[in-house]
Amino acid sequence: MSFSTLVRGVSGQSAAVFKRGLLIRNFSVSFPTAMRFVQYVKGKDQTQRLGVLSEDGKKITSLSSYGNDMIELLKNDVNFGEVEKKLNSLPMEDVSGDVTFLAPVSNPEKIVCIGLNYRGHCEEQNLTPPVRPMFFSKFASTLVGPMGSVIAHEISTQIDWEVELAVVIGKTAKKVPREKAFDYVFGYCVAQDISARDWQKVLNNKQFLIGKSMDTFCPLGPAIVHKSLVPDPHNLKIRCSVNGVQKQSGNTNELIFRIDDIINRLTQSITLRPGDVILTGTPGGVGMFRDPPEWLKPGDVIESEIEKLGKMTNTMIKDE
């Protein structure tokens, strides 16, 4: 599958989000439709590169003059209005078969996740929606790209899927008021919170860490779509299919705790840094609560898609 197929349906919308008074310092309100940031390698040269992807996913513009790492770009407080202007003069190249897209952030300081944050996911477990969010984490070593392989670790027989909206933090956030929370959001992407349910629920004394943090258990991508292109992150269709069969279908309007609420709560005690990732929860339809339960195995193909953000396709591989 081509990368242009993965980003199909990502719309180039104007910066309508600024109607809510959420203008951010150093962020232009006239972003082109190409403000989709990617990290990639090309051919035999495994040096990580930084670029901006065209709306159709067929062209890429290198941002080598800004370095090769998305998190460093954010830390450097780059004027993205200048980036926009520079893009018009930089050469574009075809996304060819020798381009491999990586996760759009590498080694973030934190990957924070929210459990039980969709009404449908609560309902499939016959649970009352929580009155406060349940936070947990994943290690950065879980990250793989939008077409990367996911290891079916031999120590688990209950590997499950969870498509999620991911939020990427753009600047240091500490004790952020809820009404200013979106000032600290850089953009959004698609995530898969792959989960080993036996280790999540039983084998690690009901602690989530191992079940959620096995290597390759967080596909992320296909690009970080700047927030100016996503006017309302709380009204996006979200779906997941396994081997072409739809398993999850929902909308981010089901979120119990919304993005601004999450950032407000987290930053009262935990400082968020540029490039940190927040996984906001998953809709109903996971494998564990099907009758009978369904589990991922080597060879299975997971497609994860969110409106305006694009689609990832990840294949389960044998643990070797």
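**Reading a predicted model: burial, rings and charges**

Guide: Six of the eight residues of helix H7 are buried, so H7 is largely enclosed by the rest of the structure. Bear in mind that this is a predicted model.

Visitor: Which residues of H7 are buried?

Guide: They are Ile259, Asp260, Asp261, Ile262, Ile263 and Leu266.

Visitor: What covers the buried residues of H7?

Guide: The cover includes strands E6, E7 (134-138), E11 (163-169), E12 and E17.

Visitor: How many helices and strands does the protein chain have?

Guide: There are seven helices and 19 strands. Of the 320 residues of the chain, 57% count as buried. For contacts with a separation of 6 or more, 75% are between residues 24 or more positions apart. The accessible surface of the chain is about 13400 Å², and carbon and sulfur atoms hold 48% of that surface.

Visitor: Let us take single residues. Where is Thr267 placed?

Guide: Thr267 is in the loop between H7 and E17. Buried means under 20% relative accessible area. Thr267 has 1% relative accessibility, so it counts as buried.

Visitor: Which backbone oxygen lies 2.8 Å from a polar atom of the Thr267 side chain?

Guide: That of Ile263, which is itself one of the buried residues of H7. Leaving out residues up to four places away in sequence, Thr267 touches Ala173, Lys174, Lys175, Val176 and Leu272.

Visitor: Where does Asp300 lie?

Guide: Asp300 is in the loop between strand E17 (277-279) and strand E18 (301-306). Its relative accessibility is 5%, and therefore Asp300 counts as buried. The Asp300 side chain reaches the backbone nitrogen of Lys297 at 2.9 Å.

Visitor: Which residues is Asp300 in contact with, leaving aside neighbours within four places in sequence?

Guide: Asp300 is in contact with Val242, Asn243, Trp295, Asn314, Thr315 and Met316.

Visitor: Next, aromatic rings. What describes a pair of aromatic rings?

Guide: The distance of the centres and the angle of the planes describe such a pair. This structure holds five aromatic pairs. In one, the rings of Phe80 and Phe186 have centres 5.2 Å apart and planes at 50 degrees, so this pair is tilted.

Visitor: Are Phe80 and Phe186 buried or exposed?

Guide: Both Phe80 and Phe186 are buried. Ring pairs also join Phe37 to Phe80 and Phe186 in a cluster.

Visitor: Which residue lies over the face of Tyr184?

Guide: Lys171 does, at 5.0 Å from the ring centre.

Visitor: Now the charged side chains. How many salt bridges are there?

Guide: The count comes to 19 salt bridges, taking a side-chain nitrogen of Lys or Arg within 4 Å of a carboxyl oxygen of Asp or Glu. In one of them, Lys59 pairs with Asp94, with the closest N and O atoms 2.4 Å apart. This pair links distant parts of the chain, with Lys59 in strand E3 (residues 59-62) and Asp94 in strand E4 (residues 92-94), 35 residues apart.

Visitor: Which residue forms a salt bridge with Lys110?

Guide: Asp276 does, with the closest N and O atoms 3.1 Å apart. Lys110 is in the loop between strand E5 (99-101) and strand E6 (111-115), Asp276 is in the loop between helix H7 (259-266) and E17, and 166 residues separate them. Lys110 counts as buried at 15% relative accessibility, and Asp276 counts as buried at 1%.

Visitor: Which residue does the side chain of Glu303 meet in a salt bridge?

Guide: Glu303 meets Lys311, at 3.5 Å from N to O. Both Glu303 and Lys311 are buried.

Visitor: Which residues are linked in a network of salt bridges?

Guide: Lys138, Asp160, Glu162, Asp193, Arg197 and Lys212 are linked in such a network.

Technical notes: Residues numbered from 1 in each chain as written. Predicted model: local features only at pLDDT ≥ 70, side-chain atom pairs only at ≥ 80, totals over all residues. Heavy atoms only, no water. Helix = DSSP H or I, 4+ residues; strand = E, 2+ residues; numbered from the N terminus. Buried < 20%, exposed > 50% of the residue type's maximum accessible area, 1.4 Å probe, protein only. Polar contact = N/O pair within 3.5 Å; in protein donor to acceptor, adjacent residues only side chain to side chain. Contact = heavy atoms within 4.5 Å. Phe/Tyr/Trp six-rings, centres within 6.5 Å; stacked < 30°, edge-to-face > 60°. Lys NZ or Arg CZ within 6 Å of the ring centre and 35° of its normal. Areas by Shrake-Rupley, 256 points an atom, 1.4 Å probe, with all protein chains shown as cover.
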